[in-house]
Amino acid sequence: MKLRPFIDVQAYCAAIGFVAMEWSALENSVHRLLWQLAGLEVNIGRCLTQHVAFGTIWDSILALSVELKLPEDRQRTLQSLQAQCEPLRLKRNEVVHALWGITSGTDLARGELTAIVVKARRKLKVELNNHTVEFMNELAGKIADLSLAIADQGVLLPDGNT
């Protein structure tokens, strides 16, 4: 289905889905890291963290890294991974929760669609951000790379065993 001659709607749907899927995998990597640090079996960990906010999971990981007296360099690595998540989380939210369409600023010749992002916390705010399928596929790739880096941290158990 073509929305306009330059826009492949199926490619956009696939790219949005790719971003959503990779973010889910990243969240799973973060949850698993917490379970591993806490010494929790997977299903017990799931019961405890399934409905806990993403930032709270990271706060728990960082607190556990101090409590477990992980080496300083490992604690800094975990802090860095957490910091890398935030800009990707914001972009993921924009992509997944946006109202997609065409506005006066949409560059159809570049294959763009406009993500209309509406926020209403304390004050109504509407942002128009133009994105291409390539941008979203690159975003999904960055999320996937970070997810793997987080998963790699879980291989290093607190006592140094693998």
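The model is predicted, so local features need pLDDT of at least 70 and side-chain atom pairs count only at pLDDT 80 or more, while totals for chains, interfaces and linings use all residues. Residues are numbered from 1 along each chain as its sequence is written, and side-chain values use heavy atoms, with hydrogens and water left out. The protein chain holds 5 helices and 5 strands. Here helices (H or I, at least four residues) and strands (E, at least two) are DSSP runs, numbered from the N terminus.

**Overall layout**

- Read from the N terminus, the elements of the protein chain go β-β-α-α-α-α-β-β-β-α.
- Along the principal axes, the C-alpha atoms of the protein chain fill a box of roughly 60 × 35 × 30 Å.
- The protein chain has 162 residues, and 35% of them count as buried; buried means under 20% relative accessible area, exposed over 50%, and partly exposed in between (1.4 Å probe, protein chains only).
- About 9,700 Å² of the protein chain is accessible surface, and 56% of that belongs to carbon and sulfur atoms; the areas come from the Shrake-Rupley method with a 1.4 Å probe, and for residues only the protein chains shown count as cover.
- Of the contacts in the protein chain with a separation of 6 or more, 59% are between residues 24 or more positions apart; a contact means heavy atoms within 4.5 Å.

- Three strands make an open sheet in the order 3-4-5, with antiparallel pairing; two strands pair if DSSP finds at least two bridges between them.
- Strand 3 (99–101) and strand 5 (125–131) sit at the edges with a single partner strand each, so one side of each has no neighbour in the sheet.
- On average, neighbouring strands of this sheet are turned by 25° against each other, direction ignored.
- Strand 3 pairs with strand 4 (residues 113–119) in the antiparallel sense over 3 bridges, and glycine 101 has threonine 114 in strand 4 as its bridge partner.
- Strand 4 and strand 5 run antiparallel and are joined by 7 bridges, with valine 118 standing opposite valine 126 in strand 5.
- The hairpin of strand 4 and strand 5 has 5 residues between the two strands, and arginine 122 in the turn has a positive phi of about 70°.
- Helix 4 lies across strand 3, strand 4 and strand 5, and runs at about 90° to strand 5; axes are lines fitted to C-alpha atoms, for helices over the stretch in contact, and angles run from 0 to 180 degrees between N-to-C directions.

**The nonpolar core**

- The largest nonpolar core has 31 residues, and Leu26, Val30, Trp58, Ile61 and Ile150 touch the most other members; such a core is a set of buried Ala, Val, Leu, Ile, Met, Phe, Trp, Tyr and Cys residues joined through side-chain atoms within 4.5 Å.
- Two or more residues of this core come from each of helix 1 (9–38), helix 3 (54–67), helix 4 and helix 5 (133–155).
- Helix 1 gives the largest share of this core, 11 residues.
- Isoleucine 61 touches Val30, Leu33, Leu34, Leu37 and Leu78, leaving aside residues up to four places away in sequence.

**Aromatic pairs**

- Searching the whole structure turns up 2 aromatic pairs; rings of Phe, Tyr and Trp (its six-membered ring) pair if their centres lie within 6.5 Å, with planes under 30 degrees apart counted as stacked, over 60 as edge-to-face and the rest as tilted.
- Tyrosine 12 and tryptophan 100 have ring centres 5.8 Å apart and planes at 55°, so the pair is tilted.
- That pair links distant parts of the chain, with tyrosine 12 in helix 1 and tryptophan 100 in strand 3, 88 residues apart.
- Tyrosine 12 counts as buried at 3% relative accessibility, whereas tryptophan 100 is partly exposed with a relative accessible area of 22%.
- Tryptophan 23 and phenylalanine 54 also form a tilted pair, at 5.2 Å centre to centre and 55° between the planes.
- This one links tryptophan 23 in helix 1 to phenylalanine 54 in helix 3, 31 residues apart.
- Tryptophan 23 is buried at 2% relative accessibility, and phenylalanine 54 is buried at 12%.

- Histidine 31 lies in helix 1 and is buried, with a relative accessible area of 10%.
- Leaving aside residues up to four places away in sequence, histidine 31 touches Thr49, Gln50 and Ile57.
- Glutamine 84 is in helix 4 (residues 72–97) and is partly exposed, with a relative accessible area of 38%.
- Glutamine 84 and lysine 142 are 58 residues apart in sequence and 10.0 Å apart in space, C-alpha to C-alpha.
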